[in-house]
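Work through the following exercises with the model at hand, and try each task before reading its solution.

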Amino acid sequence: MNEYKYIKKFIDQNYKHFNSYSLKAASEGYVKLIKQKGKMFLAMAGAMSTAEIGISLAEMIRKNKIHAITCTGANLEEDVFNLISQKNYKMVPDYRHLTPKEELEILNSELNRVTDVAIAEEDAFRKIGPLILEEWQKAEAKGKSYFPHQYLYNVLKSGKLKKFYQVSPKNSWMIAAMEKNLPIFVPGWEDSSLGNMFAASVIKGEIKNVHTVKGGQEYMIELVSWYEKTRPKNKIGFFQIGGGIAGDFPICVVPLLLFDLNRKVKLWSYFCQISDSTTSYGSYSGAVPNEKITWGKLAVDTPSYIIESDATIVVPLIFSFVLAS
């Protein structure tokens with residue numbers, strides 16, 4: 001019995017009530033969708049890449065259990081940062097008790113804290129910065145324009161980062177996604193570190209055309225195309241980690257098709273949100289799935305689950321359950 005089957009057996013035996021039962025039910029619903037030849041769309045917020053979600057997510061991508069991803073710009077790049085700079089990261093287990101002065105000391109050490117990890121962003125930039133700038137400039141010289149994730153795919157494909165790898169590439173979800181040419185959608189990419197770098201490059205004149213990197217509206221148009229091509233042949237599930245733009249952006253594709261384009265389209269066939277937001281109809285991230293019915297995103301009979309817990313605990317368990325099935 002492999003490790004995934006042990007975890008599945010443990011969940012089956014012990015997760016019978018409250019949030020644990022929601023986890024089990026959501027996992028079973030996930031497996032059912034995949035067995036029906038359905039596709040799963042992952043919406044990933046938070047700092048999941050720095051939390052090393054790649055350890056389980058990469059295998060989910062390789063095993064065709066994840067078929068498209070929307071994520072924040074931070075999650076997109078921080079998986080690669082972790083790949084090439086993790087040895088210079090610093091664990092901060094007492095992060096809840098740091099003083100402002102201690103936070104400043106972390107900054108002065110050229111680290112940026114993400115909860116209990118201080119990441120060596122500048123170290124990562126020294127390695128990836130010249131390579132990504134080269135990709136932007138090559139595209140601009142040819143009059144081409146690409147999405148942020150496509151530029152990172154090109155850098156990974158080139159093999160120029162391999163000499164910097166500090167963790168196993170099998171634990172990088174971006175490498176797994178690149179190898180599958182997985183569709184990725186990154187709304188609000190400009191608020192990421194590489195997004196800031198691109199803006200600075202335009203201001204400094206290193207890049208002349210700001211449209212060399214495609215933005216959010218073009219991502220939405222691409223998402224509409226992906227959904228319309230995929231949904232007639234397959235059910236599509238929506239697996240959401242956290243809230244914010246990573247979830248809000250992609251789930252709107254259905255009402256866009258229905259109400260703005262007046263096209264007939266089937267709704268999402270599964271919905272699961274893992275969030276530690278307090279359930280609240282005044283907070284979108286804390287809204288229960290039923291509210292999405294009123295927006296034309298989910299149907300009355302869409303299997304829907306909400307797990308109010310820490311995604312860094314919950315997600316690897318669900319992914320292991322799915323991989324065991």
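**Exercise 1. Determine the strand order of the open sheet of 6 strands and identify its edge strands.**

Solution. The order is S6-S2-S1-S7-S8-S9, with parallel pairing, where strands (E, at least two residues) and helices (H or I, at least four) are DSSP runs numbered from the N terminus, and two strands pair if DSSP finds at least two bridges between them. The edge strands are S6 (184-185) and S9 (304-308), each of which pairs on one side only. This is a predicted model, in which local features need pLDDT of at least 70 and side-chain atom pairs count only at pLDDT 80 or more, while totals for chains, interfaces and linings use all residues. Residues are numbered from 1 along each chain as its sequence is written, and side-chain values use heavy atoms, with hydrogens and water left out.

**Exercise 2. Trace the bridges that join S7 to S1 and to S8, and then those between S2 and S6.**

Solution. Begin with S1 (residues 39-44), which runs parallel to S7 and is joined to it by 6 bridges; here Met44 has Ile241 of S7 as its bridge partner. Next, S7 and S8 (residues 270-275) also run parallel, joined by 5 bridges, and Phe239 stands opposite Cys272 in S8. Finally, S2 (residues 68-71) pairs with S6 in the parallel sense over 2 bridges, with Ile184 in S6 as the bridge partner of Ile69.

**Exercise 3. Explain why S7 (residues 236-241) is described as largely enclosed by the rest of the structure.**

Solution. First recall that in a regular strand the side chains alternate between the two faces of the sheet. In S7, Ile236, Phe238 and Gln240 point one way, whereas Gly237, Phe239 and Ile241 point the other way, and all are buried, that is, under 20% relative accessible area with a 1.4 Å probe, counting protein chains only. Because 6 of the 6 residues of S7 are buried, the strand is largely enclosed by the rest of the structure.

How values were computed:
Buried < 20%, exposed > 50% of the residue type's maximum accessible area, 1.4 Å probe, protein only.
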